[in-house]
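The following report considers sheets, helix packing and aromatic pairs in turn. Please keep the sequence and the model in view while reading.

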Amino acid sequence: MAQKPLRLLACGDVEGKFDILFNRVRAIQKKSGNFDLLLCVGNFFGSTPDAEWEEYKTGIKKAPIQTYVLGANNQETVKYFQDADGCELAENITYLGRKGIFTGSSGLQIVYLSGTESLNEPVPGYSFSPKDVSSLRMMLCTTSQFKGVDILLTSPWPKYVGNFGNSSGEVDTKKCGSALVSSLATGLKPRYHFAALEKTYYERLPYRNHIVLQENAQHATRFIALANVGNPEKKKYLYAFSIVPMKLMDAAELVKQPPDVTENPYRKSGQEVSIGKQIPAPVEESACQFFFDLNEKQGRKRSSTGRDSKSSPHPKQPRKPPQPPGPCWFCLASPEVEKHLVVNIGTHCYLALAKGGLSDDHVLILPIGHYQSVVELSAEVVEEVEKYKATLRRFFKSRGKRCVVFERNYKSHHLQLQIAQPGAAYFYVELDTGEKLFHRIKKNFPLQFGREVLASEAILNIPDKSDWRQCQISKEDEETLARRFRKDFEPFDFTVDD
């Protein structure tokens, strides 16, 4: 069965005209049916009085659709975006954050970059730097499996976007826009790229992401710039479109070229335009190495590059994993980690027994680097997390057991996937039946909710174990449980070469 497309709306500068925007959205939905998301680029807040916004902020009025917005583009509106990692601004209105990747439950992948370009240090709170753009590219583009992203949201136009394309009207794309955004679009290969700020509508002809006769065919990119809400010239500020997430599409269908496709505007004679020179090359850092004698099985741990450590005398060193800003109980290199609870180590992730677990085989999947939530993980880390989950499901099934995976991104600093979207707090559950449950946390969410539900009489019927602090055992007993788990898990260990 063909995947049902998502129905999305994109909007240009709202500039505080919330009633005009949301009334228009209501009218569209009444006529054409409901849409799944509204994505806003450009200036969401304006210089108008806050009375209208207060009605949404206090709940007197409500956005009719889940709305995601970019952050400030000037000092005047920085005050509205208190959390750089994103937060809920009002019911149904969420600030994505300064930069990052939002992955919906459908698999739709949206990359966002808030603010305007700045090449000066320190970078203002309403701007992005070359380093910000480099980090986004590194998060996604460094894996061989990377093909592109579904949607890119920026406020500034990309510089040179008009090259080889249809006229952009009064906007001179050789002078206007951000070269850093051009570089980001070149690397990320979005299927749709939305921008604003220029107070005009421009839908560029789709462009190729490959060089004809030199590279395999890739999907095309559509760039759409949107005007400001309620503009007197009635220029288009709202754009409706349908999209099936890239990861769910047939490869041949994905790379079909539109009849009006043009050359890539950011290339010259098959080469990337010199815009990339503004972005410093990522600095290679020495790798973090972890030495743990986890088992006595004859075999070799894979090198951190995924190759046999003896296959090359000079294996390539990986980049250093993200480091915590302070002490972290879960970063593998941290002295706070109780390393006797570690039961398996992969290239990017590791397994550890839970402290005061609900059962003897209650384990955590943790990234080696410091990440707060799944949505912040790079593609290669996500891949290994999924591999661990699949392996653990097989492991527990072989022992006549079932498992539940849950994550709480709320008042937590290091990602912990427990086996027993840049941003917003959430609680996420995966059942071994394939069902996935997602809940947006607003406030006052019980920190031990997942554990309390599993320990309840309706599920495991061990209510006395709902508080992990009441379930702690001696270090000696923890070591015994860890040894037992390592031995039992050994036949399923994908991190060891035979």
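Which strands does helix H4 lie across?

## Basis of the description

This is a predicted model, in which local features need pLDDT of at least 70 and side-chain atom pairs count only at pLDDT 80 or more, while totals for chains, interfaces and linings use all residues. Residues are numbered from 1 along each chain as its sequence is written, and side-chain values use heavy atoms, with hydrogens and water left out.

## Helix H4 and its sheet

Helix H4 (residues 179-188) lies across strand E7 (109-113), strand E10 (149-154) and strand E11 (190-195), and runs at about 175° to E10. Helices (H or I, at least four residues) and strands (E, at least two) are DSSP runs, numbered from the N terminus; angles run from 0 to 180 degrees between the N-to-C directions of axes, which are lines fitted to C-alpha atoms, for helices over the stretch in contact.

An open sheet of 6 strands has the order E6-E7-E10-E11-E13-E12, with mixed pairing, where two strands pair if DSSP finds at least two bridges between them. Its edge strands, E6 (99-103) and E12 (202-203), each pair on one side only. E12 pairs with strand E13 (residues 222-225) in the antiparallel sense over 2 bridges, and glutamate 203 stands opposite isoleucine 224 in E13.

Strand E1 (residues 6-11) and strand E2 (residues 37-40) run parallel and are joined by 4 bridges, with leucine 37 in E2 as the bridge partner of leucine 8.

## Packing of H6 and H8

Helix H6 (residues 379-398) packs against helix H8 (residues 475-489) at an angle of about 95°, with the axes 11 Å apart. H6 and H8 are therefore roughly perpendicular to each other, a term that covers angles of 65 to 115 degrees. The contact (heavy atoms within 4.5 Å) is made by Thr391, Leu392 and Phe395 of H6 together with Phe485, Asp488 and Phe489 of H8.

## Aromatic pairs

The structure holds 27 aromatic pairs, counted where ring centres of Phe, Tyr and Trp (its six-membered ring) lie within 6.5 Å. Phenylalanine 22 and tyrosine 56 are both buried, meaning under 20% relative accessible area with a 1.4 Å probe, protein chains only.

Methods:
Parallel < 35°, antiparallel > 145°, perpendicular 65-115°, else oblique. Phe/Tyr/Trp six-rings, centres within 6.5 Å; stacked < 30°, edge-to-face > 60°. Buried < 20%, exposed > 50% of the residue type's maximum accessible area, 1.4 Å probe, protein only.
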